[in-house]
Amino acid sequence: MIVDERNSILNTASVTGGIPLVMSQPIDLNDLLMRSPGEAMLISAPDDAMVNHGIHKGDLLIVDCSLYLGDGTVVLAEKDGSYLIRILRRSKDSVCLCAANPAYGPLVGEADIRVVGVVTAYVHRLA
């Protein structure tokens, strides 16, 4: 990220090495990260259940509530008033919500779980 003298974030291009190129237009993170802004929500990752998938506790998640809940998608689910981030696994006979951390067991066919939406992006701070 490059910040100019007015503390405005400037757009940069990908480079394999050297100095990033400054683009003429600033980045709009809403356009970049939210496919359906009216159907999107932001949530902080509640735990480290998805750490082996790159999502850490406290990461900012963008969730789209309008997308198809396909097998293998990372989803936001609600159980007993708490939110969970898990990988949705579907088969002919069952639905399972699986963590990407062996410390968390799978949730198989539990009727009291409601899938809210699909995690489409996340923001992870490095420093």
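Let's start at Thr73, which sits in the loop between β4 (60-64) and β5 (74-79). Strands here are DSSP runs of E, at least two residues, and helices are runs of H or I, at least four, numbered from the N terminus.

A word on the source. This is a predicted model, where local features need pLDDT of at least 70, side-chain atom pairs count only at pLDDT 80 or more, and totals for chains, interfaces and linings use all residues. Residues are numbered from 1 along each chain as its sequence is written, and side-chain values use heavy atoms, leaving out hydrogens and water.

Back to Thr73. Its side chain reaches the backbone oxygen of Gly70 at 2.7 Å. Setting aside neighbours within four places in sequence, Thr73 is in contact with Arg86, Ile87, Leu88 and Val118. Contact means heavy atoms within 4.5 Å.

Now the whole chain. The protein chain has one helix and nine strands. In sequence order the pattern is β-β-α-β-β-β-β-β-β-β. How much of the chain is buried? Of its 127 residues, 29% count as buried. The cut-offs are these: buried is under 20% relative accessible area, exposed is over 50%, and partly exposed is in between, with a 1.4 Å probe and protein chains only.

Next, contacts across the chain. Take those with a separation of 6 or more: residues 24 or more positions apart account for 51% of them. As for surface, the protein chain exposes about 8300 Å², and carbon and sulfur atoms supply 54% of that. Accessible areas come from the Shrake-Rupley method with a 1.4 Å probe; for residues, only the protein chains shown count as cover.

On to salt bridges. The term means a side-chain nitrogen of Lys or Arg within 4 Å of a carboxyl oxygen of Asp or Glu. How many does a search of the whole structure find? Two.

Asp71 pairs with Arg89, with the closest N and O atoms 3.9 Å apart. This pair links distant parts of the chain: Asp71 is in the loop between β4 and β5, Arg89 is in strand β6, and they are 18 residues apart. Asp71 is partly exposed, at 46% relative accessibility. Arg89 is partly exposed too, at 39%.

The other bridge joins the side chains of Glu78 and Arg114, at 3.6 Å from N to O. Glu78 lies in strand β5 and Arg114 in strand β9 (residues 113-123), so the pair ties together parts 36 residues apart in sequence. Arg114 counts as partly exposed, at 46% relative accessibility.

Asn101 first. Look in the loop between β7 (95-98) and β8 (107-108). Is Asn101 buried or exposed? Asn101 counts as buried, because its relative accessibility is 12%. Beyond neighbours within four places in sequence, Asn101 contacts Asp48, Ala49, Val51 and Asn52.

Then Asp80, in the loop between β5 and β6 (82-90). Its phi is near 55°, a positive value in a residue other than glycine. Asp80 counts as exposed, at 60% relative accessibility.

Last, Ile27. This residue lies in the loop between β2 (9-10) and α1 (29-33). Ile27 is partly exposed, with a relative accessible area of 39%. Together, Ile27, Leu29 and Leu32 make a nonpolar surface patch of about 300 Å². Patches use residues with over 30% relative accessible area and no salt bridge; like charges are joined within 9 Å, and nonpolar side chains (Val, Leu, Ile, Met, Phe, Trp, Tyr) within 5 Å.

Key: Polar contact = N/O pair within 3.5 Å; in protein donor to acceptor, adjacent residues only side chain to side chain.
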